[in-house]
Amino acid sequence: MAFPRCDRTLAWSALGGHLQAHGRDLNLRQLFADDPDRVRRLGIQAPEVFADLSRSHLDVATLHHLLDLARECGLAEQRDALMGGDVVNVTEGRAALHTALRAPRGQGPHSEQVHEALDRMLAFVEEVRQTAGGSMPGQISDVVNIGIGGSDLGPQMVVPALDAFVHPGLNFHFVSNADGQDLASVLRKVNPAHTLFVIASKTFTTQETMANAQTARQWFLDHGGQDIARHFVATTTNVKLAADFGITQTFGFWDWVGGRFSMWSAIGLPIALSLGSSNFLAMLAGAHAMDEHFAQAPLEQNLPTLLGLMDIWYRNFKGYTSRCVVPYHHGLRRLPAYLQQLVMESNGKGVDAQGGPLPFATSDVVWGEPGTNGQHAFFQMLHQGTDVIPVEFLLVKQASYRAPGSLTPAMRTLLNEQHHMLLANGLAQAQALMWGKSADEAMRESVPTASPDMAPEAIARHRTFPGNRPSLTLLLDEVTPRSLGALVALYEHRTFVSGALWGINSFDQWGVELGKALCKDLLPRLSSGDTSGLDAATAAMIARLR
């Protein structure tokens, strides 16, 4: 069944009218004054994740129109088609069944083959982990994952996030950049006799991955390594090319697993090696719990749906062009990079699923850094810059540490104090963005560091904060395999919601292909110097590089 694109609905027109009448002037101070129950009504509990939307630029009327938009666009039906295995990736004729990868045995599409592959991978994981960190030849102390994009960003985000659960005898390294410095810096740290290389490429032809894999194999052989089959495994569907490389141990997945949705599949092998089978299964269970919430919760209490609708309101009506993600948890430092691919590769499209041009904006720009680091870098712009940029704060109630040796009571007290400092900073930044500071308030303050040569009124203008800057707070009780799985699934479904309403295909990435094709033409030209048929700028740069 075909559903209308968002801009062809009555709700879209109603949102435009609402924006003109009220939406442009939404003021957070006034919204809180008018609605004492705002915090309770806009606090949404989903599996493992609590969301506070009260500081968002949303009011009752906005939410009403947005929910109407979801219904008119058949969001529930599109969601059911996604999770039921229908062909939703229409340009490639595929399903997008990452949810099946975390469904319990017997409860999802393709369950038998999914769990057969999972069981086989986890058996290998436990075999490696049983002797990990030992000094005998073949016992593994270091795992080097070589991949790029979806074959790198998920595992590289999850392993440090769950550092408290990582096997103490294993070190994990991630190589993705075609720049040889990336690989060389890792190879300096590892011993070939105790290193396992995971080559992650669905086709076993990815240019950057295979270049790094070939160099890693050469290093292994040059430094006394003899058993490629023991020290190299592959997560791939191309068993033949892996065998030609010398790899006999491969772990596959299916064409309905998209790269940026693949950390739940064999691409998650480094995650499973780090956490062990039970914790990897707990991560899958957390994601499945969020799948169930997305599939069953009423739209009004459905967190992925509400966040996706908020993204539509911000991007298409409020005109916000970017979104800043600030996890106040050092382990989640790679989450913004992971979300960049998830959101922008999925929804950075200029045509709808049928190829028609879109008359409205789609994906926002996702960026960020962990708190409190970001406070000393870009928060100046967030508070006083000319652009309004919604901020997403991720707070974690209880810290987890994997410290060397046992933690003494004194050490634990100091770490707890640091965690309270971290949380207080996150809360303060959200408060400051919302409330700001008036010129009168700034005038009443004593500022010892201000220049005595500048008038107090001028100093006050420099120290005025406009406030009314929207933010969202996501709260986890603790970062565990289960809660992280739920958090990532939340972002996946949120991305799907906005893409479905925009009427685009969130599961292809044709924009990645052009540069790859041109690179294949240019690579031999850097050696030969042939610039025939090239544009003047590229030809001149090749000449200069030579």
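1. Which residues lie nearest the centre of the largest cavity? They are Met310, Asp311, Tyr314, Arg323 and Pro390, among the 16 residues that line this cavity. A cavity here is a set of points, on a 1 Å grid over the protein atoms alone, where a 1.4 Å probe fits but cannot get out, and a lining residue has an atom within 4 Å of a point.

2. On the basis of the values: this is a predicted model, in which local features need pLDDT of at least 70 and side-chain atom pairs count only at pLDDT 80 or more, while totals for chains, interfaces and linings use all residues. Residues are numbered from 1 along each chain as its sequence is written, and side-chain values use heavy atoms, with hydrogens and water left out.

3. Two or more residues of its lining come from each of helix H14 (303–318), strand S8 (322–327), strand S10 (391–398) and strand S11 (471–478), and H14 gives the most, with four residues. Helices (H or I, at least four residues) and strands (E, at least two) are DSSP runs, numbered from the N terminus. The lining comprises seven nonpolar, three polar and six charged residues, where Ala, Val, Leu, Ile, Met, Phe, Trp, Tyr, Cys and Pro count as nonpolar, Asp, Glu, Lys and Arg as charged, and the others, Gly among them, as polar.

4. The second largest cavity, with a volume of about 50 Å³, has a lining that includes Asp311, Arg315, Arg323, Asn347 and Trp502. H14, H15 and H20 each give two or more residues to this lining, and the largest share, three residues, comes from H20. By class, the lining has two nonpolar, four polar and four charged residues.

5. H14 is mostly covered, with 16 of its 16 residues buried, that is, under 20% relative accessible area with a 1.4 Å probe and protein chains only. Just after H14, glycine 319 takes a positive phi of about 80 degrees.

6. The largest nonpolar core has 119 residues, of which Leu53 and Leu487 touch the most other members; such a core is a set of buried Ala, Val, Leu, Ile, Met, Phe, Trp, Tyr and Cys residues joined through side-chain atoms within 4.5 Å. Helix H20 (residues 481–502) supplies the largest share of this core, twelve residues. A second, separate core of 21 residues includes Val144, Leu183, Val186 and Ile199.

7. Valine 144 also has a place in the strand pairing, with phenylalanine 197 in S5 as its bridge partner. Strand S3 (residues 142–146) and strand S5 (residues 195–200) pair in the parallel sense over five bridges, where two strands pair if DSSP finds at least two bridges between them. Both belong to an open sheet of five strands in the order S4-S3-S5-S6-S7, with parallel pairing, whose edge strands are S4 (171–175) and S7 (250–251).

8. The largest pocket holds about 1000 Å³ of space, a pocket being an open set of points with protein on both sides within 12 Å along at least five of seven lines. Of its 36 lining residues, Lys202, Thr206, Gln509, Glu513 and Lys516 are the closest to its centre.

Terms used
Buried means under 20% relative accessible area, exposed over 50%, partly exposed in between (1.4 Å probe, protein chains only). Grid points are joined across faces, edges and corners, and a volume is the space filled by probe spheres set on the points.
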